[in-house]
Amino acid sequence: MPQADAADSVTVRVLRALDGVLDPEIRRPVTELDMIGDVTETGDGVHVAVKLTIVGCPAADRIERDVRTAAESVVGDGNAGVTLSVMTPDERRALTEKLQAGRPKRGIPFDADSLTRVYAVTSGKGGVGKSTVTANLAVALARRGLAVGVLDADVHGFSIPGVLGMVDESGRAPRPTRVDEMILPPVAHDVKVVSIGMFVDDPQAAVAWRGPMLHRTIQQFLTDVYWGDLDVLLLDLPPGTGDVAISVGQLLPHADVLVVTTPQPAAADVAERSGTVARQTGQHVFGVIENMAGLPQPDGSVLRLFGEGGGEEVAARLSRGRDEPVPLLASVPLSIALREGGDAGLPVVVADPDDAAARAIDDVAAALASRPRSLQGRPLGVRVR
């Protein structure tokens, strides 16, 4: 970024205004990312040169609009010009080095020393609403001011982009921007998201991959994606105890696990196994979320279509023989608003925050958000001579 003459107050004020413009994908100021070239005063205003990361940057229009708005806040409406260009290879290389500073080049960034809380959301069987819970929980956390990411690890049944409203009319999800070898995750509802659905040409095509390919995909999503400084990373795992669950346990052994089940006893039996497998890989079962707990009726009664007690039963079984009991974090009732939000790509915690399901999910978000990130007891990598 060019250095402005201290006496050139207009240029200085414009640069300060540009400090408030964030790159929509990287979520850091464009001035900090060296995306601002020359800032030149004109006869009646100012002209700003902007350097995009790549040719065809999907965020180009928004960046241009936000830069113009920021500059016009200083020089007045219609008095700011903006020119877009593209970074040189050396400038892109410097940018990636800046973003990766202090982080392992190829290793998993979310290790035991990371301040990011990692939650693997799992279930014993499919159809329990695990992805819907994950997406809404991520948005609820972001609405509490946390930096949140979602890794859609359900490679065969990816649905997170659709639930978060990231797909177009044909069902295609946005293709992430690549800056050299670094992948910038798209953002929805202030949540960074990456999914295999963003890399397939046909959203209806089946992803028929076996264990080694699944493992490499999850590993690449963890290492090559620029997640930034996250408070919380949620992983939406496929149902069951297969290859992906084992890979996540190997790659993220320090992750906490949220087990999603329905009230049905048969579902509870299977859900317990997903928590048990997580423990076998060293992960900690943080809690159980019971979904589809009942449908409230106009007369105040509850229609329990899928039975009752499954969530409490799973929590009790996973607590046996443990000094620290596994809590039932919430019972999320059946909700038409929750279902409609998932179909429309507008999470219920945004569309109808007073809905009973939205409140239950927000209660879980409150429990997760209250867990502080702390450096206490962690090595700082500093030596005293």
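Predicted model: local features only at pLDDT ≥ 70, side-chain atom pairs only at ≥ 80, totals over all residues.
Residues are numbered from 1 along each chain as its sequence is written, and side-chain values use heavy atoms, with hydrogens and water left out.

Let's start with the sheet. Helices (H or I, at least four residues) and strands (E, at least two) are DSSP runs, numbered from the N terminus. Two strands count as paired if DSSP finds at least two bridges between them. Strands of a sheet pair through backbone hydrogen bonds, either parallel or antiparallel. Here you'll find three strands in an open sheet, in the order β1-β2-β3, with mixed pairing. β1 (36-41) and β3 (80-86) sit at the edges with a single partner strand each, so one side of each has no neighbour in the sheet. Neighbouring strands are turned by 15° against each other on average, direction ignored; angles like this are taken between axes, which are lines fitted to C-alpha atoms (for helices over the stretch in contact), and run from 0 to 180 degrees between N-to-C directions.

On one side, β1 and β2 pair in the antiparallel sense over four bridges, and a hairpin of four residues joins β1 to β2. E41, for instance, has V46 in β2 as its bridge partner. Follow them along and you'll see K51 opposite S85 in β3, while L52 has V86 as its bridge partner. β2 is also mostly covered, with five of its seven residues buried, where buried means under 20% relative accessible area, exposed over 50%, and partly exposed in between (1.4 Å probe, protein chains only). Helix α1 (residues 9-18) lies across β1 and β2, running at about 145° to β1.

What covers them? After α9 comes G321, which has a positive phi, near 75°.

The structure holds one cavity of 30 Å³ or more, and the largest cavity has a volume of about 90 Å³. On a 1 Å grid over the protein atoms alone, a cavity is a set of points where a 1.4 Å probe fits but cannot get out, and lining residues have an atom within 4 Å of a point. Grid points are joined across faces, edges and corners, and a volume is the space filled by probe spheres set on the points. Of the 13 residues lining the largest cavity, L237, A245, S274, A278 and Q283 are closest to its centre. α8 gives the largest share of that lining, three residues.

Finally, find P185 in the loop between β7 (182-184) and β8 (187-188). Is P185 buried or exposed? P185 counts as buried, because its relative accessibility is 0%. Leaving aside neighbours within four places in sequence, P185 is in contact with E25, K192, V193, V225 and Y226.

Notes:
Contact = heavy atoms within 4.5 Å. 1 Å grid on protein atoms, 1.4 Å probe; cavity = no way out; pocket = protein on both sides within 12 Å on 5 of 7 lines; lining within 4 Å.
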